[in-house]
Amino acid sequence: MRRAQAADIPAIRAFLAAQADVAMFPLANIDTDGLAAEGGDNAARAMFVWIDGAPVTAFIAITAEGMLLPVLPEAPAVHWQAAAPDLAGHRAFGMAGEARAARAGLEVLGLSGTGSALDRDEPHFALDLDALELPAGHDGFTLTRPGPDDRTLMEAWRASYHIEVLGTAPDQAMPVAARDIARALELDTYRILWRDGVPVSMAQVNA
């Protein structure tokens, strides 16, 4: 495994796009934040990436915040072993990827059984948009872009999500939620669903 460079982005994008159902998050991160460059201005958000092969056959990334994002169709343990010395200098707080590749990484990096807040496999599904069927019953519903007046509600909902779904400690949830919502408003990635003038849900248009 070698550290990816800016010139590798087209090959990385092609590799990830060919298996987008298990590579959604790194693919989106490449689009929004790119690769972390040594001393670059984007290092606070971008990914540190290691790849193998030409064309690319294996991909391991860790975001600047500490999320590990593997895309390893074959022999994941071998690639984790190759990247482990470089990953040792980074803080990891989570991992999202195909279950076999992710669990191999937890083993190789010595992170299995370390008392994580959330540790479960969550099956994904793929659906062609042509096959998407919208449910009946849209009367009274509207979808809006959030504005500054919605921030307090969004932060409260996001904090609850962190606690209930991600296992974030309650005393840490609100500061994390505030950062998440600030970023969401900056990128225009959230929408709020209203029913008869009452906010009932929000959703992020993410990866």
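Just after helix α4, G110 takes a positive phi of about 70°. Helices (H or I, at least four residues) and strands (E, at least two) are DSSP runs, numbered from the N terminus. The model is predicted: local features need pLDDT of at least 70, side-chain atom pairs count only at pLDDT 80 or more, and totals for chains, interfaces and linings use all residues. Residues are numbered from 1 along each chain as its sequence is written, and side-chain values use heavy atoms, with hydrogens and water left out.

Stay with α4, which spans residues 99-108. At its start, a side-chain oxygen of E98 comes to within 3.0 Å of the backbone nitrogen of R100. This is a polar contact, a pair of N or O atoms within 3.5 Å; within protein, one must be able to donate a hydrogen and the other to accept it, and residues adjacent in sequence count only if both atoms are side-chain atoms. Buried means under 20% relative accessible area, exposed over 50%, partly exposed in between (1.4 Å probe, protein chains only). In α4 the buried residues are A101, A102, A104, G105 and L106. Their cover includes β4 (67-71), α3 (76-87) and β5 (94-95).

Now turn to the cores. In soluble globular proteins, nonpolar side chains tend to be buried together. A nonpolar core here is a set of buried Ala, Val, Leu, Ile, Met, Phe, Trp, Tyr and Cys residues joined through side-chain atoms within 4.5 Å. The largest has 17 residues, and I12, L16, I30, M47, V49, I51 and F59 touch the most other members. At least two residues each come from α1 (9-17), α2 (24-32), β2 (47-52), β3 (58-63) and β4. The most come from α1, which gives four. Take I30: leaving aside neighbours within four places in sequence, I30 is in contact (heavy atoms within 4.5 Å) with I9, I12, R13, L16, L35 and M47. A second, separate core has 14 residues, among them A36, A46, I60 and I62.

Between β2 and β3 runs a loop that holds P55. A cis peptide bond joins A54 to P55, with omega of about 5°.

Two strands pair if DSSP finds at least two bridges between them. Strand β7 (residues 190-195) pairs with β8 over six bridges.

Buried in α5 are M154, E155, R158, A159 and H162. They lie on the same side of α5 because they cover an arc of only 135° around the axis. That arc is taken from the directions from the helix axis to the C-beta atoms. On the other side of α5, T152 and E164 are exposed. The buried residues of α5 pack against α6 (170-187), β7 and β8. Just after α5, G167 has a positive phi of about 75°.

Two loop residues remain. D188 sits between α6 and β7. Its phi is positive, near 60°, in a residue other than glycine. D188 has 35% relative accessibility, so it counts as partly exposed. D196 lies in the loop between β7 and β8. D196 is not a glycine, yet has a positive phi of about 50°. At 61% relative accessibility, D196 counts as exposed.
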